[in-house]
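Q: I am new to this structure and would like to learn how to read it. Could you take me through its features one at a time?

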Amino acid sequence: MNPRSFPCQLISWDEAYQLSRMLARAIKSSSFRPDLVIAIGRGGFVPARIVCDFLLHSLLTSIKIEHWDIAACKRPEAAVRFPLAVDVQDQSILIIDDVTDTGDTLRAALNYVKSLEAGETKTGVMQHKTTSSVVPDFYADVIMDWRWIIYPWAAHEDLVGFTEKVLSVELATREQIRARLKEQYTLVLDENCLTEVLDDLMEMKKAEKIQEKYRKI
């Protein structure tokens, strides 16, 4: 297998909603009641809002932590890009993200919030990978066999990134591109989706089309 290959899983909107709902139930069944919910941007925005809905909790804010770029490209370390705009001293905090992978993002968020002298702080994710060095306090699903998870709110972005990965300087037909995506990343793209992805790559000057074939620029 190509060393750049690994399995991917596309999560639907309904699956993401149900996972967020299960996460909220896990939190509700505990004795923990947060004063403030913090979403880790960008992946935690949607699940945090759904969790707040089921908790009937209105105090939601966010921080931006950068660790992963599109298509599973990892930055050297997780770092807070956009900090909190509210005082969290002595408040009980619930931090929500979509998934744990290495655990670095969740650890960075915990360290940052604790540095602001927050009170009791707990974490929750929709899906927890056992590869993570940090185990969240709450989660809806456990992933034992590692794979890259693509959530619906980041699907197009990731598909653009993975398609760029399978392009080379040699021209390839649409069918060849689709076959590479399936072989290397277990991704199956329909014609409309592939068209949109390739159009964006060309607009970004990362690919070009020559006589119905495509190559990386």
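Q: Let us start with charged side chains. Which side chain meets glutamate 66 in a salt bridge?
A: Side chains of opposite charge can pair when their charged atoms come close. In this predicted model, the partner of glutamate 66 is lysine 64, with 3.4 Å from N to O.

Q: Are glutamate 66 and lysine 64 buried or exposed?
A: Both residues of this pair, glutamate 66 and lysine 64, are buried.

Q: How many salt bridges does the count come to?
A: The count comes to eleven. Another of them joins the side chains of glutamate 191 and arginine 174, at 2.8 Å from N to O. Glutamate 191 belongs to helix H6 (residues 191–203) and arginine 174 to helix H5, so this pair ties together parts that are 17 residues apart in sequence.

Q: Now to aromatic rings. How many aromatic pairs does a search of the whole structure find?
A: A pair of aromatic rings is described by the distance of the centres and the angle of the planes. The search finds seven aromatic pairs here. One of them is formed by tyrosine 17 and phenylalanine 54: the centres are 6.0 Å apart and the planes make an angle of 55°, so the pair is tilted. This pair links distant parts of the chain, with tyrosine 17 in helix H1 (residues 13–28) and phenylalanine 54 in helix H2 (residues 45–55), 37 residues apart. Tyrosine 17 is partly exposed at 33% relative accessibility, and phenylalanine 54 is partly exposed at 22%.

Q: Which residues form one aromatic cluster?
A: The cluster is made of Phe6, Trp146, Phe162 and Tyr185.

Q: Back to helix H2 for a moment. Which residues in H2 are buried?
A: In H2, the buried residues are Pro47, Ala48, Ile50, Val51, Cys52 and Leu55. After H2 comes leucine 56, which has a positive phi, near 55°.

Q: How do I compare distance in sequence with distance in space?
A: Take two pairs of residues. Glutamine 184 and serine 5 are 179 residues apart in sequence, and their C-alpha atoms are 4.5 Å apart in space. Threonine 163 and alanine 140 are 23 residues apart in sequence, and their C-alpha atoms are 30 Å apart. Glutamine 184 lies in helix H5 (residues 174–185) and is buried, with a relative accessible area of 14%.

Q: With which residues is threonine 163 in contact, leaving aside its neighbours within four places in sequence?
A: Threonine 163 is in contact with Ile177, Leu181, Leu189, Val197, Leu198 and Leu201. Threonine 163 lies in helix H4 (residues 155–166) and counts as buried, at 0% relative accessibility.

Q: To finish, how many helices and strands does the chain have?
A: There are six helices and ten strands. Along the principal axes, the C-alpha atoms fill a box of roughly 65 × 30 × 30 Å. Of the 217 residues, 46% count as buried. The chain exposes about 11300 Å², and carbon and sulfur atoms supply 50% of that area. Among contacts with a separation of 6 or more, 65% come from residues 24 or more positions apart.

Methods
Residues numbered from 1 in each chain as written. Predicted model: local features only at pLDDT ≥ 70, side-chain atom pairs only at ≥ 80, totals over all residues. Heavy atoms only, no water. Helix = DSSP H or I, 4+ residues; strand = E, 2+ residues; numbered from the N terminus. Buried < 20%, exposed > 50% of the residue type's maximum accessible area, 1.4 Å probe, protein only. Contact = heavy atoms within 4.5 Å. Areas by Shrake-Rupley, 256 points an atom, 1.4 Å probe, with all protein chains shown as cover. Salt bridge = Lys/Arg side-chain N within 4 Å of Asp/Glu carboxyl O. Phe/Tyr/Trp six-rings, centres within 6.5 Å; stacked < 30°, edge-to-face > 60°.
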